[in-house]
Amino acid sequence: MTLDANLTPQPKPWLDHVPVYTPGRSDVDGGAAFAKLSSNENPLGASPDAEAAYRQAVGELHRYPDGSAFALRTKIAALHKLSADTIVCGNGSEELIGLTLQAFAGPGDEVVYCAKGFIGYPIGALRNGAKPVAAAAKGDAIDCDAILAAITDRTRLVCLANPNNPTGSWISGDDVERLHAALPHNVVLMLDEAYAEYAPPGSYRTALPLAAKAPNVIVTRTFSKAYGLASLRVGWATASPVILSAIRRLMPAFGVSHPAQSAACAALDDTQWLERAVAHNTAAREKIGRALVELGFEVSPSGANFLLVRFPSEDIATGFDQHLTARGILVRALPIPGLRECLRITIGTDAENHLMIGALAEIRQKLGTG
């Protein structure tokens, strides 16, 4: 065998087109932020019981975790009236979303998503050599008819967040079922319900029952948002045996760490903490939205733990972002067509929210526009 010194390892050619996901900023130049409102985290933190369970698990760091996450799946199943056999746990719902894309999409395939949806869906499609197809939104909301119009014989998945990130909008359970009924049976409908705990109970309905009966539906959930365990990366999904079998074949043997599983189990048991976190978010979301509207800002309705604030132009939004950052207040600029003139602002503590509203009012007066 003759060796060619000019040869080098070559990654899959489609990886050249994959953008690197950029998360919300965590600090400012020179130190920590006064208010980190850029990553949709729970401002109240995790349940004290979850923290205690995590500390107790430190004594077993030399042991491998339960690769099946049996105890955690059992608790999730009891809470949501599902079968534990229809649940899989992973390192955040992000891992499970990525594995679903890997299992069902590849070169020559198409993945449909909302043009004003989570940027992780087109990135995930590109990672597997598939083509992401953006369906137009209806204002800031998912347009089910536009989604259906984007379906072709090459479509393998439809990826939607409900409530939607980064707009905060949500579609009704009836709309979800109508969308599903009109999809070809070989197209997987992946519904990302990361913000479901925050959604208005009167107008929002989870798709968990749909996933329990439909062979081509998967619903993902996370402990990173309402449960306050973002650092531990714990998520779960429920779907038909066909979808779950494919995901399990791609998963590592020991996916979710033992301390993470222990903390998540304790978080599920502490229902009062979850209720407190959701109540704080609901009240603060309404109060902040009302205050920003009174200041002259355009705010989209939200069923999540953040608000989408729209400015007259991208340059003006950038100016507000820069001024906020200079004051140690971090929010999220959005590199998404149709949303570049917006900032996404996470609901924080009462002190953080007060600081943010005051800063926006002062900046608006200084810049002379909103």
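Q: How much space lies in the second largest pocket?
A: About 520 Å³. This is a predicted model.

Q: What lines the second largest pocket?
A: The lining has 25 residues, and those nearest the centre are His80, Ala196, Glu197, Arg221 and Leu274. Two or more residues each come from helix H2 (70-80), helix H7 (208-213), helix H9 (258-269) and helix H10 (271-294).

Q: Which element has the largest share of that lining?
A: H10, with 6 residues of the lining of the second largest pocket.

Q: And by class?
A: The second largest pocket is lined by 15 nonpolar, 4 polar and 6 charged residues.

Q: Back to histidine 80. Where does it lie?
A: Histidine 80 is in helix H2.

Q: What does histidine 80 touch, leaving out residues up to four places away in sequence?
A: Leu208, Arg221 and Trp236. For Leu208, the C-alpha atom is 8.1 Å from that of histidine 80, although the two residues are 128 apart along the chain.

Q: Why does histidine 80 count as partly exposed?
A: Because its relative accessibility is 23%, and the partly exposed class lies between the buried limit of 20% and the exposed limit of 50%.

Q: What about lysine 81, where is that?
A: Lysine 81 lies in the loop between H2 and strand S4 (87-90). Its phi is positive, about 55°, although lysine 81 is not a glycine.

Q: Is lysine 81 buried or exposed?
A: Exposed, with a relative accessible area of 75%.

Q: Which residue other than glycine has a positive phi near 55° as well?
A: Arginine 233. It is in the loop between strand S9 (217-222) and strand S10 (235-239). Arginine 233 is partly exposed, at 29% relative accessible area.

Q: Now the largest pocket. How much space is in there?
A: The largest pocket holds about 830 Å³. Its lining is made of 41 residues, with Tyr21, Glu94, Phe118, Asn165 and Lys225 closest to the centre.

Q: Which helices each supply at least two residues of that lining?
A: Helix H3 (92-104) and helix H4 (120-127). H3 gives the most to the lining of the largest pocket, 7 residues.

Q: How does the lining of the largest pocket split by class?
A: There are 16 nonpolar, 16 polar and 9 charged residues in the lining of the largest pocket.

Q: Asn165 came up there. What kind of peptide bond joins asparagine 165 and proline 166?
A: A cis bond, with omega about 20°. Proline 166 is in the loop between S7 and H6.

Q: And the bond from asparagine 162 to proline 163?
A: That peptide bond is cis too, with omega near 0°. Proline 163 sits in the loop between strand S7 (155-161) and helix H6 (173-182).

Q: Different topic. How many aromatic pairs does the structure hold?
A: The structure has 7 aromatic pairs. Among them is tyrosine 64 with phenylalanine 254: the ring centres are 4.6 Å apart and the planes are at 20°, so this pair is stacked.

Q: Where are tyrosine 64 and phenylalanine 254 in the chain?
A: Tyrosine 64 is in the loop between helix H1 (48-57) and H2, and phenylalanine 254 is in the loop between helix H8 (241-250) and H9. The pair links distant parts of the chain, 190 residues apart.

Q: Are those two buried or exposed?
A: Tyrosine 64 counts as exposed at 67% relative accessibility, while phenylalanine 254 is partly exposed at 42% relative accessible area.

Q: What about phenylalanine 297 and phenylalanine 311?
A: They form an edge-to-face pair, 5.8 Å centre to centre with 75° between the planes. Phenylalanine 297 is in the loop between H10 and strand S11 (298-299), and phenylalanine 311 is in the loop between strand S12 (306-310) and H11. Both phenylalanine 297 and phenylalanine 311 are buried.

Q: Which residues form an aromatic cluster there?
A: Phe297, Phe311 and Phe320 form one cluster. Phe320 is one of the buried residues of H11, along with Ala317, Gly319, Asp321, Leu324 and Thr325.

Q: How far does H11 reach?
A: Helix H11 (residues 314-326) has 13 residues and reaches 18 Å from first C-alpha to last, close to the expected 18 Å at 1.5 Å a residue.

Q: And what comes just after H11?
A: Glycine 328, with a positive phi of about 80°.

Terms used
Residues are numbered from 1 along each chain as its sequence is written. This is a predicted model: local features need pLDDT of at least 70, side-chain atom pairs count only at pLDDT 80 or more; totals for chains, interfaces and linings use all residues. Side-chain values use heavy atoms; hydrogens and water are left out. On a 1 Å grid over the protein atoms alone, a cavity is a set of points where a 1.4 Å probe fits but cannot get out, and a pocket is an open set with protein on both sides within 12 Å along at least five of seven lines; lining residues have an atom within 4 Å of a point. Grid points are joined across faces, edges and corners, and a volume is the space filled by probe spheres set on the points. Helices (H or I, at least four residues) and strands (E, at least two) are DSSP runs, numbered from the N terminus. Ala, Val, Leu, Ile, Met, Phe, Trp, Tyr, Cys and Pro count as nonpolar, Asp, Glu, Lys and Arg as charged, and the others, Gly among them, as polar. The expected span of a helix is 1.5 Å times one less than its number of residues. Buried means under 20% relative accessible area, exposed over 50%, partly exposed in between (1.4 Å probe, protein chains only). Contact means heavy atoms within 4.5 Å. Rings of Phe, Tyr and Trp (its six-membered ring) pair if their centres lie within 6.5 Å; planes under 30 degrees apart count as stacked, over 60 as edge-to-face and the rest as tilted.
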